[in-house]
Amino acid sequence: MPMTTPDVRFLHELASAAEKMTLEHYLKPHVIDIESKPKDGFRFDPVTSVDRDTEMCLREIITRQFPEHAIMGEEFGASGESAWQWVIDPIDGTRPFLCGLPVWGCLIGLLKDGIAVMGMMSQPYTGDRFWSDGKQSWMSGRQGEFAIRTRQSAELHQAILHTTAPESVALYKGNHFSALQDKTLMTRYGGECYAMAMLAAGHIDVCVEYSLQPYDIVPLIPIIEHAGGVVTTLDGGRAEGGGAVVASASEKLHRQVLDILNG
């Protein structure tokens, strides 16, 4: 078993494979097989043949390179036992994928002893990639490749707040999201994983999501943390297990946000 973090080039290899698989079907709805899977509080939670095929492709590449590593994916669950575990969401944001809106992404993360240490968010259509190599967070795209940093100076009244869907907020009993909205500059919806990546890049200041799975957040935790941000559950714990998750641009802002959300 490797004693050091795998090379970041392997993250890019996985992202390239996921990009190839997803772009073959994006904006071509006639070739996509769509089903709905059970999710509490939601009448429709889509899964497609593209999700499944992409995850299977990534699993095969990981197993070939690191046969001793465990894998957790949205479509096929967990397999293997190891201190190292890859966490995959082949299409985070299947709804915008089906709508032709490019705010979905391929999420690939790596846990070491249960802690997220590396992560990749790739948006194949725009060509943007956000990743953490275990020490620093980066972005590449049309404007080149560069290190990214959260907006450390943002005060609460200046903060841009994001949540993906108001339905998730409404389902969380006793939430104080409206109180947070009243104290921030503006609220935006629908950004999926792209919003978390933009928080790491300094364009959004607070992301609140009330019903995440581990594969939704594990790949994003290192990207945000290594850019200077903070990610925890609503009660202040580690967020690798999902649930109600809050990400903020700075420690100070995060403490203020948690105080408001917890009433």
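Buried means under 20% relative accessible area, exposed over 50%, and partly exposed in between, with a 1.4 Å probe and protein chains only. The model shown is predicted: local features need pLDDT of at least 70, side-chain atom pairs count only at pLDDT 80 or more, and totals for chains, interfaces and linings use all residues. Residues are numbered from 1 along each chain as its sequence is written, and side-chain values use heavy atoms, with hydrogens and water left out.

**View 1. Asp 113 in the loop between strands E6 and E7.** By this definition Asp 113 is exposed, with a relative accessible area of 57%. Its loop runs between strand E6 (105–112) and strand E7 (115–123). Strands (E, at least two residues) and helices (H or I, at least four) are DSSP runs, numbered from the N terminus. Phi of Asp 113 is near 55 degrees, a positive value in a residue other than glycine. Most residues other than glycine have a negative phi.

**View 2. The open sheet of eight strands.** The strand order is E4-E3-E5-E6-E7-E8-E9-E10, and the pairing is mixed. Two strands pair if DSSP finds at least two bridges between them. Strand E4 (77–79) and E10 are the edge strands, each pairing on one side only. From one strand to the next, the twist averages 15 degrees. Axes are lines fitted to C-alpha atoms, for helices over the stretch in contact, and angles run from 0 to 180 degrees between N-to-C directions. Helix H2 (residues 49–65) lies across strand E3 (70–73), E4, strand E5 (84–92) and E6. H2 runs at about 155 degrees to E5.

**View 3. Antiparallel pairing of E7 with E8, and of E8 with E9.** Five bridges join E7 to E8. Met 120 stands opposite Trp 131 in E8. Strand E8 (residues 128–132) is joined to strand E9 (residues 137–141) by four bridges. Arg 129 has Ser 140 in E9 as its bridge partner. E8 and E9 form a hairpin with four residues between them. In that turn, Gly 134 has a positive phi of about 105 degrees.

**View 4. Ser 140 and the E9–E10 hairpin.** Is Ser 140 buried or exposed? At 15% relative accessibility, Ser 140 counts as buried. Leaving aside neighbours within four places in sequence, Ser 140 is in contact with Gly 127, Asp 128, Arg 129, Trp 131 and Glu 145. Contact means heavy atoms within 4.5 Å. E9 and strand E10 (residues 144–147) pair in the antiparallel sense over four bridges. Gly 141 has Gly 144 in E10 as its bridge partner. Two residues lie between the strands of this hairpin.

**View 5. Helix H6, mostly covered.** H6 spans residues 192–200, and eight of its nine residues are buried. They are Glu 192, Cys 193, Tyr 194, Ala 195, Met 196, Ala 197, Leu 199 and Ala 200. Glu 192 counts as buried at 19% relative accessibility. Glu 192 also has a positive phi of about 50 degrees, although it is not a glycine. Gly 202 follows H6, with a positive phi near 90 degrees.

**View 6. The largest nonpolar core, of 33 residues.** A nonpolar core is a set of buried Ala, Val, Leu, Ile, Met, Phe, Trp, Tyr and Cys residues joined through side-chain atoms within 4.5 Å. Met 121, Phe 130, Ile 148, Met 196, Ile 217, Leu 220 and Val 231 touch the most other members. E6, E7, H6, strand E13 (206–212), helix H7 (214–217), helix H8 (220–225) and strand E15 (243–248) each supply at least two residues. H6 gives the most, with seven. Another core, of 25 residues, lies apart from it; among its members are Val 50, Ile 61, Trp 86 and Trp 131.

**View 7. Surroundings of Phe 130.** Not counting residues up to four places away in sequence, Phe 130 touches residues including Gly 119, Met 120, Met 121, Trp 138, Met 139 and Ile 148. Among its other contacts are Tyr 194, Ala 197, Met 198, Ala 201 and Ile 223.

**View 8. Cysteines without disulfides.** The structure holds zero disulfides, a disulfide being a pair of cysteine sulfur atoms within 2.5 Å. The sulfur of Cys 99 is 15 Å from the closest cysteine sulfur, in Cys 193, too far for a bond. For Cys 106 the closest cysteine sulfur is also in Cys 193, at 8.4 Å, again too far. Cys 99 is exposed, with a relative accessible area of 58%, whereas Cys 106 is buried, at 1%.
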